[in-house]
Amino acid sequence: MKDWKTIAKAGGMDIPAADLDRLTGPLDSLEETFRPLVKDLAPELEPAIGMRLEEEGE
Amino acid sequence: MTIREAADDLRARKVSAGELTAAALHRIERDTHNTFITVTAEHALRRAREADAELAAGRDRGPLHGIPIAVKDLFAMRGVRTTGGSRIHGDQAAGYDSTVVARLEAAGAVILGKLNMHELAYGITSANPYFGAVRNPWNAKHSPGGSSGGSGAAVAAGILYAAMGSDTGGSIRIPAAFCGTVGLKPTYGRVSRYGVLPLSYSLDHMGPLARTVRDAATVLNAIAGHDRRDDTSSRRAVPDFVPRDGCSIRGLSIGFPLNFYFDRMDADVESAVRGAIARAESLGAEVKPVAVPDIAALNAVARVILLAEASAVMEPYLGDRTKFGPDVLALLDQGRLIPATDYVNAQRLRRKMQREFSALWTEIDCLITPTTPSPAPQIGQTTVRLGGRDEDARLSATRLVRGINLLGLPALSIPCGLSPAGLPIGMQIAGPAFEEALILRIGAALEDSGVGIPPCPPNS
């Protein structure tokens, strides 16, 4: 599991220690489900977000 | 009384828009469920007088003409503060109308004000730390759900004919289920997000809560359609969404999920939803058991996107942590810790999952599930016990609805029963993209056949 407290500190986030303690459980739980999904992503799979420039001039 | 009945009475001159509006304002004054943040009485009475004058002059704007409704307090309304249920915006009033408000008023609706909600639409309790907790009209000790809790409670309490909500991870469908109203989350892009305080740009959907399926469809008719001020707005043609009287679902294929949706489920909820599915079968629909893609994975991907986008939206305000309630602040802190790579990969997974899920629509016309795994928890209750284990109340309430936001699909929640404790139970009808008319027809046919609940008793 990630060390969320170290990540927060390294990112310069001003999150009080007591609040940080409350974050690790939910983030660990999410990470447990999310991380395995990412492993098999094909490089050509693009994100479901994008610009549609052809419509901007309308 | 429904929108249709009120509209008929208006045209028969049995009642005026002014009288409907004055009666609704009177109900707001007596409201014990804390459903409103701002009441725009003067504006509403003026609009009602204009509506009456127009009808008298032969100008009829359609079924919403003169009908009192209200909007969740994240829709901009010219000259009226939009708080988002938060302290961060102060009493700032927009100098413009959101597209939804503009379209509702163009359709003749009389907007009574701005409804209470979960702080920043980021939660499901509507126990707002600044404007007070919204209470469930069926039992004031219970939560109305959220984040559109004021919308659900005001409609259920009979204060309003319909209300606008927003849905990022279930925030229309959850209060609809908990309060016993109809709630519709349209397809992403069907209803403009312009002028609505964002929570998550790629997950936010705007839609109505109403007393009946046809009333929800009537509101959708008014607000749907392309808006060049919203880059994600669809150019799809807008059909008439209101189901015909006596509409049929004979021959439709209704998917009954074999996996996930009935796991860890309150027995009364399961029984009510299975009963409604059996009713659909008796009406001539084919009920087809189907294996659905990994919904737990959908939910995880949706949560990564929501956490990251919401924290990005709120980043400018996070310098003052005292301006957020503890539950919202915890989520915003979590979102700041999501790496950019995870956000991008979540959006890539989203595309993959959308493709996987779209294959389902070659087998079935719609999917019917419970909306929530249990009826409304009590105000302040943080866990619910399901399947022999305690589950976080927020994650439980969103478990069956959040994934649909990731896919952008339309989904309707309709009431389908009451628990032994007298709390409403909701069922969800989800369909292919831009097939709102189909899921509304299914909902209306079920409603016509008797699936539903009696009106909420006063002063519960």
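## Before you start

What you're looking at is a predicted model, where local features need pLDDT of at least 70, side-chain atom pairs count only at pLDDT 80 or more, and totals for chains, interfaces and linings use all residues. Residues are numbered from 1 along each chain as its sequence is written, while chains are lettered from A and ligands numbered from 1 in the order in which they are written.

## Chain B as a whole

Chain B has 14 helices and 15 strands. Both kinds of element are DSSP runs numbered from the N terminus: helices are H or I with at least four residues, strands are E with at least two. The radius of gyration of chain B is 20 Å, close to the 23 Å that the globule rule gives for 460 residues, so chain B is as compact as a globular protein of that length. (The radius is taken over C-alpha atoms, and the rule is 2.2 Å times the number of residues to the power 0.38.) Along its principal axes, the C-alpha trace of chain B spans about 60 × 55 × 45 Å.

## The sheet and a hairpin

Chain B holds an open sheet of 11 strands with mixed pairing, in the order β1-β3-β2-β6-β8-β7-β14-β15-β11-β9-β10. Two strands pair if DSSP finds at least two bridges between them. At the edges sit β1 (36–39) and β10 (286–290) of chain B, each pairing on one side only. Neighbouring strands of the sheet are turned by 30° against each other on average, direction ignored. At one end, β1(B) and β3(B) (residues 110–115) pair in the antiparallel sense over three bridges, and B:V39 has B:G113 of β3(B) as its bridge partner.

There's also a hairpin made by β12(B) and β13(B), with two residues between them. Strands β12(B) (residues 383–386) and β13(B) (residues 389–392) are antiparallel and share four bridges; B:L386 is bridged to B:R389 of β13(B). In the turn, B:G387 has a positive phi of about 60°.

## Two helices of chain B

The axes of α9(B) and α11(B) come within 9 Å and cross at roughly 140°. That makes α9(B) oblique to α11(B). Axes are lines fitted to C-alpha atoms, for helices over the stretch in contact, and angles run from 0 to 180 degrees between N-to-C directions. Angles under 35 degrees count as roughly parallel, over 145 as roughly antiparallel, 65 to 115 as roughly perpendicular and the rest as oblique.

By class, the contact of α9(B) with α11(B) has nine nonpolar, one polar and two charged residues. Here Ala, Val, Leu, Ile, Met, Phe, Trp, Tyr, Cys and Pro count as nonpolar, Asp, Glu, Lys and Arg as charged, and the others, Gly among them, as polar.

## Where the chains meet

Chain B puts 22 residues into the contact and chain A puts in 21; residues are in contact if their C-beta atoms, placed from the backbone, lie within 7 Å. On the chain B side, α9 (295–314), α10 and α11 (340–358) each supply at least two residues. Helix α11(B) gives the most, with 10 residues. The chain B side divides into nine nonpolar, five polar and eight charged residues.

One helix pair spans the two chains: the axes of α2(A) (residues 17–38) and α10(B) (residues 326–336) come within 10 Å and cross at roughly 70°. The two helices are therefore roughly perpendicular to each other. Their contact is made by A:D19, A:R22, A:L23, A:P26 and A:L27 of α2(A) with B:A330, B:D333 and B:Q334 of α10(B).

Terms used: Two residues are in contact if their C-beta atoms, placed from the backbone, lie within 7 Å.
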